[in-house]
Structure formats: C-alpha cells, structure tokens
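These are my notebook entries on a single model.

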Amino acid sequence: MSPTLHPRLEPVRETILKRNPGEAEFHQAVDEVLMSLGPVLERRPDYVEASIIERLAEPERQIIFRVPWVDDQGRVNVNRGFRVEYNSALGPYKGGLRFHPSVYLGIVKFLGFEQIFKNSLTGLPIGGGKGGADFDPKGKSDAEVMRFCQSFMTELYRHIGEYTDVPAGDIGVGGREIGYLFGQYKRITNRYEAGVLTGKGLSWGGAAARTEATGYGTVFLTQEMLATKGRSFDGTKVVISGSGNVAIYAAQKVAQLGGTVIAMSDSGGYVVDEKGIDLEIVRDLKENKRARISEYADLRKQSTFVADGSIWEVACDVALPCATQNELSADAAKTLVKNGCIAVAEGANMPTTPDATDILQEAGVLFAPGKASNCGGVAVSALEMQQNASRDSWSFEHTEQRLETIMKGVFERCQSTADEFDVPGDYVKGANIAGFVKVADAMLALGVV
Ligand code: NDP
C-alpha cells in the first residue's frame with residue numbers, strides 16, 4: 001500500500017508547493033516527510049497549532065550569490081552560489097556543499113530539508129543546512145578549482161562560523177576543495193577557526209575517519225538491518241552505484257565484513273567484476289587520476305564495462321545506491337526484487353524514487369532511507385567539530401568505534417519509532433518521525449522565532 005497524506009496536511013502541502021514553484025526535488029523530499037507524519041499529528045495536535053510543519057518547510061535564511069572566476073585561458077566565468085540555512089533549532093546549521101552543473105535552489109532546498117531530520121537522528125547537536133554551486137569541477141585544472149573556491153568563499157565567509165553555520169563536502173566537493181575553501185576563510189578572517197568547515201585534512205584540523213564515515217556508516221546501518229532477518233554481509237553479493245567518496249568507502253567496509261562488491265559506476269556507465277571489484281584500482285582512478293570508471297575495465301581484463309543501461313540489472317543480495325538523487329527507478333526496483341535482492345540502503349540522498357521505494361517495501365525488501373543510512377558522514381563531522389573545539393584529535397579506531405555506536409543508535413531509533421507507530425520494519429516512517437519529533441519539540445520550546 002502506498003502511503004497517503006493525512007487530511008490536515010493537505011492544505012499545508014498545497015501551500016508549500018505553491019510557495020516553491022518549479023522545485024521538483026524539494027517537493028519530493030517534502031512529500032516523503034509529510035506522508036509519514038499523519039500518526040504523529042493525531043497524537044500531537046500542539047504541533048499543528050504551532051504551525052511547526054509550515055515553519056519547518058520554510059528555510060530560516062536562503063543566500064544566493066554571484067561567483068566570478070578566471071579560467072586558465074584568462075576568460076571570466078560566472079557561476080551561481082547557494083547556502084540555505086534551513087533550521088537551527090538543534091544547533092548551528094550543518095550540511096555539505098555540492099559543486100555540480102545540476103545545482104539550483106530546488107536541489108539545495110531538498111538537501112537542506114533532508115539534512116534537518118538526518119542531523120536530528122544522529123542525536124548530536126546540529127541544525128540543518130546545505131549549499132553549493134552550479135560549477136562543474138570535471139575537467140578543470142587544480143588552479144581553476146582553487147580560484148573558484150576562493151571566489152565562492154569570498155562571499156560565503158560572512159554567513160558562516162563555528163557557532164553559526166558549518167559547511168562540509170558533498171558531490172564535487174572533497175578534501176581538495178575543502179582545503180581551498182578553508183585557506184581562503186582563514187586568510188579573509190585572520191582566524192584559525194578550524195570548526196568552521198568539516199572534512200578537513202588530518203594535519204590541519206580534520207578528523208580521522210571523516211573521509212570514510214558516510215560509506216562506513218551506511219554499511220554499519222545496513223548490517224543492523226540485515227541482522228533483524230538473521231543475515232549479515234558475509235558471503236553476500238553487493239552492487240554499489242557511484243565511485244565517489246560514499247561509494248568507495250561503503251565498498252571498503254563491505255569487503256571488510258566479508259561481502260563481495262561486484263559492480264560500481266559513475267555517470268558514464270558501470271563496471272561488473274564478479275570476482276570482486278579491486279578497490280585499489282578504483283581509488284587510484286578516482287582519488288588520484290580523477291579518471292572515468294570505464295578505465296577500470298582496461299586494467300582488469302575479467303571485468304566488463306557497460307556504457308548504457310542500469311547498474312541495478314546486475315543481480316545482487318544487497319544494493320547500495322551511493323551516487324545521486326532519483327537514480328533507482330521503479331523499473332530498477334522491480335528488477336532488484338526479481339533478482340532476489342534482500343536489502344537496499346541509501347548512501348546517496350534520495351536516490352530511490354518514491355514509487356521504487358513502495359515497490360521494494362511492498363516486496364518485503366529491507367529498505368533504509370538516506371536520512372538514516374547516510375548520516376554517518378555528518379555525525380563524524382560533528383565529532384570533528386568537537387575535536388576542533390577542544391583542540392584535540394582522536395585516533396581512527398576511537399572515531400570509527402563512535403561512528404558504529406552512533407549508527408546502531410540511529411537504527412534503534414528508526415526501529416523503535418516504527419514499532420511505536422504500528423509500522424514495524426518501515427524505516428522510512430521510523431526515520432522521518434523520529435527525526436521530526438526531536439526538532440519539533442525544540443522548536444516548540446524556543447517559541448515563535
Ligand atoms: P562524489 O562527488 O565523491 O561522487 C559522486 C559519484 O556519483 C561519482 O561517481 C559520480 O560520477 C556519480 N554521479 C553523480 N551524479 C551522477 C548522475 N547524475 N548519474 C550517475 N552518476 C552520478 O560525491 P559523494 O560520494 O560525496 O556523494 C554521493 C551521494 O552521497 C550524494 O547524493 C551526496 O549528497 C550523498 N552524501 C554524501 C555525503 C558525504 O559525506 N560526502 C554525506 C551524506 C550523503 P561522475 O564522477 O561521473 O559524476
């Protein structure tokens with residue numbers, strides 16, 4: 001049964017859609033949360049009276065700015081930068097920056113909205129925000145990326161700070177970009193305010209295991225979910241879309257837990273390697289050479305590269321979509337079900353379309369929404385902020401241990417909330433409700449602000 005909207009939420013939804021025209025991804029993210037909230041409002045009419053949902057859907061602040069920069073040929077380019085400071089009821093705005101040509105306000109708002117609930121679920125004191133630019137780092141030289149990042153920060157710096165808003169990475173923003181951004185922030189403000197950005201390098205305020213955290217966290221959460229059916233990663237075949245930060249470290253943890261990753265992708269296609277993807281090759285291609293996944297097949301002769309088609313056609317036990325939004329369609333979900341897939345966990349944000357989610361859940365496939373399964377990254381970012389505030393630095397093992405404990409706590413919150421609201425095993429509703437209630441209670445306590 002597809003979820004339906006509670007009648008009290010129909011006018012709320014209509015107002016939100018009308019106020020934010022042409023922002024399909026944002027509408028989709030709002031719909032998914034609203035579909036889960038009916039049972040909560042039955043119990044908590046005070047949320048309705050205080051217009052909590054209307055207030056939550058409206059960002060506290062939206063910043064859009066010009067980012068001019070000069071390329072290697074001396075031409076002046078102009079991009080558009082964004083930072084949406086969505087909700088600070090639980091702590092400073094926290095969420096990544098995405099550099100990708102598809103970025104526009106609707107994408108940033110969908111990501112920022114999701115981030116509120118995700119951050120709440122971690123149990124850590126962080127609000128929600130997101131940002132980015134319609135800049136494409138692909139094919140740009142290091143010097144061009146540096147000039148772009150410096151120009152971006154020359155505007156952004158006045159809006160952020162360790163107690164205000166703490167950006168991090170996302171698609172197209174990794175350690176290199178965070179370095180250039182932090183360098184410019186430090187230069188403009190004349191402050192070594194390490195806690196203003198997370199995802200920093202280890203020698204300049206970064207946290208051990210932050211690079212690995214989102215991928216590892218996704219796998220830790222999936223492990224908890226599999227355990228409810230008496231299963232584990234040991235001996236499973238796993239398909240992971242993407243070959244960026246989240247995908248690579250999800251693959252690494254799957255292998256450590258005894259699973260075999262048999263396919264990975266990028267926007268050019270996917271590779272299948274039934275003996276198990278050689279992650280060192282992928283890391284070298286992606287982290288050092290910034291090359292295409294197709295080159296994997298040139299280096300590993302037993303593998304095949306498929307330029308067209310869907311990675312979800314590769315039969316697997318566990319599917320981890322770790323690339324981008326709406327990459328797993330209804331057709332893909334049907335194929336996964338047909339091939340006997342037992343679990344899907346979202347490493348990316350909103351990679352599964354709503355109809356695909358319905359198909360998977362109705363077929364009894366274990367399904368973890370990104371809010372729960374990819375919150376390990378922001379959780380370790382919050383641990384990075386803790387270390388920066390105390391001028392401390394923890395070991396990899398200690399941080400990974402904390403991450404695993406956090407992910408167990410997140411899963412437990414999703415599971416117990418789903419049970420409490422009579423939807424056992426529905427981790428989408430469990431995550432949405434658990435994330436929402438904590439923020440809503442804080443907003444009630446803080447008054448109309
Ligand atoms: P990266 O930029 O490191 O990697 C993104 C990967 O996804 C690349 O392999 C890229 O291929 C692929 N990809 C991007 N767009 C498309 C597309 N339209 N079609 C097919 N493949 C595509 O990003 P991350 O790994 O950091 O982020 C991946 C996802 O995880 C995003 O949804 C992000 O929001 C989410 N996420 C990331 C977190 C983090 O800590 N980094 C935290 C929580 C969520 P190509 O290079 O060809 O574009």
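Which residues do ring pairs link into a cluster? I found Phe65, Trp69, Phe99, Phe135, Phe148 and Phe152.

I note that the model is predicted, that local features need pLDDT of at least 70 and side-chain atom pairs pLDDT 80 or more, and that totals for chains, interfaces and linings use all residues. Residues are numbered from 1 along each chain as its sequence is written, and side-chain values use heavy atoms, without hydrogens and water.

Entry on aromatic pairs. I recorded 16 aromatic pairs in the structure (rings of Phe, Tyr and Trp, the last by its six-membered ring, with centres within 6.5 Å; planes under 30 degrees apart are stacked, over 60 edge-to-face, the rest tilted). Phe99 and Phe148 form an edge-to-face pair, 5.1 Å centre to centre with 85° between the planes. Phe99 belongs to strand 3 (residues 93-99) and Phe148 to helix 6 (residues 142-156), so this pair ties together parts 49 residues apart in sequence. Helices (H or I, at least four residues) and strands (E, at least two) are DSSP runs, numbered from the N terminus.

I then turned to Phe99 and Phe152: their ring centres are 5.3 Å apart and their planes at 70°, so this pair is edge-to-face. Phe152 is in helix 6, 53 residues from Phe99. Phe99 is buried at 1% relative accessible area (buried means under 20%, exposed over 50%, partly exposed in between, with a 1.4 Å probe and protein chains only). Phe152 is buried at 0%.

Entry on Arg413. I placed Arg413 in helix 16 (residues 396-420) and found it partly exposed at 31% relative accessibility.
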